[in-house]
Amino acid sequence: MSNTSPRPEYVLTLSCADRLGIVHAVAGFLAERGCNIVDSQQFSDRLDGGFFMRVHVQAESEQTTLDDLQVGFAPIGATFGMDWQVRDLGVRQRLLVLVSKQDHCLNDLMYRCRVGAIPADIAAVVSNHPDAGPMVEKTGLPFHHLPVTADTKQAQEQAILDLVSAQRVDLVVLARYMQVLSHDLCEKLVGRAINIHHSFLPSFKGARPYHQAYERGVKLIGATAHYVTEVLDEGPIIEQEVARVDHTLTPAKLAAVGRDLECLALARAVTWHLEHRVILNGMRTVIFR
């Protein structure tokens with residue numbers, strides 16, 4: 001039996017203005033640092049002139065550390081004006097899940113994390129209602145009931161931020177959390193919070209959207225996962241899932257199909273974010289699947 005430790009693996013992501021020599025510089029740097037490229041994807045936006053790249057590498061030596069790569073790549077990043085990150089794939093990330101009364105997305109996330117389909121650990125679950133508590137506590141995960149009113153919103157959001165800090169949370173997931181986050185909280189979680197909602201918006205706003213869709217006889221329903229911004233449900237889209245429906249589906253059956261779509265779209269978005277496959281391009285995203 002071999003005692004050889006697994007060689008470290010890293011992901012480099014970058015975006016910048018497209019110009020000659022970027023790929024050559026990146027590949028040359030990685031070769032000099034003894035990193036074997038496992039997978040590399042790139043995209044040149046010919047309309048906006050942007051360049052985006054994701055490179056997954058395996059270091060040939062354990063002596064090649066995250067710090068070495070970050071320090072060494074900095075001059076290249078500066079030369080090309082890059083927005084870049086190098087991340088260690090060996091570091092398991094931590095999630096904080098926010099939920100209200102509907103718990104289907106939460107339940108799906110807990111299962112996927114438990115079986116390894118989502119490469120992360122749920123640090124805790126927060127809800128403004130007590131409904132999901134028994135289900136969460138049965139799994140052994142911490143559950144925090146943080147009620148919110150207009151008068152307590154600021155304190156409740158500070159409690160969420162305290163959990164993010166104390167639990168070393170990498171990503172906040174709004175798994176059908178039916179509260180609008182404040183400007184301050186959105187700013188502090190920019191690029192680190194993902195939301196899910198039905199894709200009827202903006203057509204069917206407010207309560208009972210599936211009943212509204214039924215009354216209009218829709219033929220296509222869906223779900224949208226996106227980064228959270230202070231503009232409600234309009235952050236950069238990461239993933240959308242759709243299903244065709246017809247006149248035989250009641251509002252309850254439409255809602256059941258919608259719940260499945262929400263779970264799937266959210267799980268994909270969270271997974272791609274955790275695997276560093278999502279790069280922001282203004283209000284759009286580049287997804288390297």
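The legends below describe close-up views of a predicted model.

View 1. In the unreviewed UniProt entry, the feature "active site" is placed at Asp233. Asp233 belongs to the loop that runs between strand S10 (220-227) and strand S11 (237-244). With a relative accessible area of 25%, Asp233 is partly exposed, because this class begins where the buried class, under 20%, ends.

**View 2. Gly235 in the loop between S10 and S11.** Is Gly235 buried or exposed? Gly235 counts as buried, since its relative accessibility is 5%, whereas Asp233 is partly exposed. When its neighbours within four places in sequence are left aside, Gly235 is in contact with His226, Tyr227, Thr229 and Met283. The C-alpha atoms of Gly235 and Asn195 are 8.8 Å apart in space, although the two residues are 40 residues apart in sequence.

**View 3. Helix H3 and the elements around its buried residues.** Helix H3 (residues 104-115) is made of twelve residues, and the distance from its first C-alpha to its last is 17 Å, close to the 16 Å expected at 1.5 Å a residue. The buried residues of H3 are His104, Cys105, Leu106, Asp108, Leu109, Met110 and Cys113.

View 4. The structure holds one cavity of 30 Å³ or more, and the volume of the largest cavity is about 50 Å³. Which elements give two or more residues to the lining of the largest cavity? They are strand S1 (9-17), helix H1 (22-32), strand S3 (50-59) and helix H2 (66-79), and S1 gives the most, with three residues. Among the lining residues are Tyr10, Val11, Leu12, Phe29 and Leu30, and the lining also includes Val55, Val57, Leu69, Phe73 and Val86. Sorted by class, the lining has ten nonpolar residues, no polar residues and no charged residues.

View 5. The unreviewed UniProt entry places the feature "domain: ACT" at residues 11-91. This span is 31% helix and 42% strand, and its end C-alpha atoms lie 12 Å apart. Ser15 is part of strand S1, and Ser15 is buried because its relative accessible area is 13%. Apart from its neighbours within four places in sequence, Ser15 is in contact with Phe51, Phe52, Gly81, Met82, Asp83 and Ile279.

View 6. Arg176 lies in the loop between S8 and helix H6 (183-188), and it counts as buried because its relative accessibility is 9%.

Key: Residues numbered from 1 in each chain as written. Predicted model: local features only at pLDDT ≥ 70, side-chain atom pairs only at ≥ 80, totals over all residues. Heavy atoms only, no water. UniProt positions renumbered as here; feature names shortened; annotations may be inferred. Helix = DSSP H or I, 4+ residues; strand = E, 2+ residues; numbered from the N terminus. Buried < 20%, exposed > 50% of the residue type's maximum accessible area, 1.4 Å probe, protein only. Expected span 1.5 Å × (residues − 1). 1 Å grid on protein atoms, 1.4 Å probe; cavity = no way out; pocket = protein on both sides within 12 Å on 5 of 7 lines; lining within 4 Å. Points joined across faces, edges and corners; volume = space filled by probe spheres on them. Nonpolar A, V, L, I, M, F, W, Y, C, P; charged D, E, K, R; others polar. Contact = heavy atoms within 4.5 Å.
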